[in-house]
Amino acid sequence: MLVASLGCFLLKLLGWSVPASWLERERLQRAAVLLPVPLLAGLVVVQAFAGDRELVLDARAAGLGVGAVLVLLRAPFLLVVVAAAATAALLRAVS
Amino acid sequence: MEQARRAVIRDGVGIGIAVGAYGLSFGAAAVTAGLTTTQACALSLLLFTGASQFALVGVLGTGGSAVAAVAGALLLGTRNTLYAVRLSALLPVRGPRRAVAAQLTIDESTAMATAAPEGLAATGFWVTGISVYVLWNLATLLGALGAARLGDPGVLGLDAAVPAAFLALLAPQVRDRERLAVAAAGGLVALLAVPLTPAGIPVLLAGLAVVPILVRR
């Protein structure tokens with residue numbers, strides 16, 4: 001945890017310390033801007049479908065489905081998260 | 001000018017409240033993943049980068065190694081470096097204050113600084129950064145305490161809240177077809193990697209989805 005905290009802080013400080021010309025390196029810039037996209041997509045998949053070294057389909061997937069619909073409807077962040085949790089909780093309660 | 005200044009301050013505080021509310025879900029997610037309340041709060045105080053924090057506890061929660069968890073958090077943190085480069089050109093900050101500015105360099109403060117009218121970039125940055133920092137940390141504490149009282153997080157579906165949170169973070173970033181393709185590729189890679197690799201690795205492999213975009217042209 002401390003390593004991650006320090007590392008992320010240094011990444012921020014680094015940006016404040018390098019000359020602005022660094023930004024001109026277009027490819028590097030595109031990489032940094034694009035990187036969160038596949039990482040977040042990977043996190044969605046892993047958090048929803050990963051079991052112990054296997055793919056599982058459970059109440060989390062249903063929660064994610066409801067969350068996805070709300071995201072498409074541009075619902076606020078908290079509503080998306082709460083609705084996903086409520087869906088999974090409801091499914092578990094009735095099954 | 002004074003009116004514009006007040007508008008920037010109001011927006012900055014508003015963003016702090018909105019983002020702070022989402023700190024509730026981080027606190028809850030961290031405790032759900034097995035962290036203590038103290039650890040959850042330490043992450044919000046020290047790491048202070050929402051997506052990296054979620055990634056760290058997400059990987060730890062699914063049984064991933066510490067190395068994989070840290071690597072994922074750092075990769076997601078690289079965009080802050082880029083933000084900082086842009087900010088340092090926009091507002092001159094020297095000496096020890098630079099370290100404070102660095103810690104407050106996140107999506108929201110950067111967006112407000114760059115979107116603020118001429119001459120108000122510094123106001124946008126500091127107001128947004130500080131209000132998000134304070135409220136994010138308060139909310140983390142409340143969320144962690146709430147989840148710690150709960151016992152089994154599955155009953156409330158908190159484990160399903162985490163992927164939905166990532167999806168909600170991802171959605172505003174997918175603005176064009178190229179990004180949609182990269183997101184889809186990343187998701188597919190992670191899906192294929194789950195049965196084949198230890199926990200934490202699938203997310204890192206998903207990051208490789210940017211490579212084809214970078215080598216093409």
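## A walk across the A/B contact

Start with helix α3 of chain A and helix α8 of chain B, which are roughly antiparallel to each other (a label for angles over 145 degrees; under 35 is roughly parallel, 65 to 115 roughly perpendicular, the rest oblique). What you have open is a predicted model, where local features need pLDDT of at least 70 and side-chain atom pairs pLDDT 80 or more, while totals for chains, interfaces and linings use all residues. Residues are numbered from 1 along each chain as its sequence is written, with chains lettered from A and ligands numbered from 1 in the order written.

**Stop 1: α3(A) on α8(B).** Select residues 36-49 of chain A together with α8(B); they pack at an angle of about 160°, axes 8 Å apart. Helices here are DSSP runs (H or I) of at least four residues, strands (E) of at least two, numbered from the N terminus. Axes are lines fitted to C-alpha atoms over the stretch in contact, and angles run from 0 to 180 degrees between N-to-C directions. On the α3(A) side, show Val37(A), Leu40(A), Ala41(A), Leu43(A), Val44(A), Gln47(A) and Ala48(A); facing them in α8(B) are Val162(B), Pro163(B), Phe166(B), Leu167(B), Leu169(B) and Leu170(B). Contact means C-beta atoms, placed from the backbone, within 7 Å. Colour by class and you get twelve nonpolar, one polar and no charged residues.

**Stop 2: α4(A) on α8(B).** From α4(A), pick out Gly63(A), Leu64(A) and Gly67(A), among others; their partners in α8(B) include Pro163(B), Ala164(B) and Leu167(B). The tally for this contact is nine nonpolar, two polar and two charged.

**Stop 3: the whole contact.** Zoom out to 78 residues from chain B and 61 residues from chain A. On the chain B side, helix α4 (residues 66-90) gives the largest share, 18 residues. That side has 53 nonpolar, 20 polar and five charged residues.

**Stop 4: Asp107(B).** Now select Asp107(B), in helix α6 (residues 107-115) of chain B. Is Asp107(B) buried or exposed? Asp107(B) is buried, with 21 other C-beta atoms within 10 Å (20 or more count as buried, 12 or fewer as exposed, in between as partly exposed). Arg79(B) lies 28 residues away in sequence, yet 8.7 Å from Asp107(B), C-alpha to C-alpha.

**Stop 5: α9(B).** Finish on residues 177-193 of chain B, a helix of 17 residues reaching 24 Å from its first C-alpha to its last, close to the 24 Å expected at 1.5 Å a residue. Its buried residues include Val182(B), Gly186(B), Val189(B) and Ala193(B).

Note on methods: Two residues are in contact if their C-beta atoms, placed from the backbone, lie within 7 Å. Ala, Val, Leu, Ile, Met, Phe, Trp, Tyr, Cys and Pro count as nonpolar, Asp, Glu, Lys and Arg as charged, and the others, Gly among them, as polar. The expected span of a helix is 1.5 Å times one less than its number of residues.
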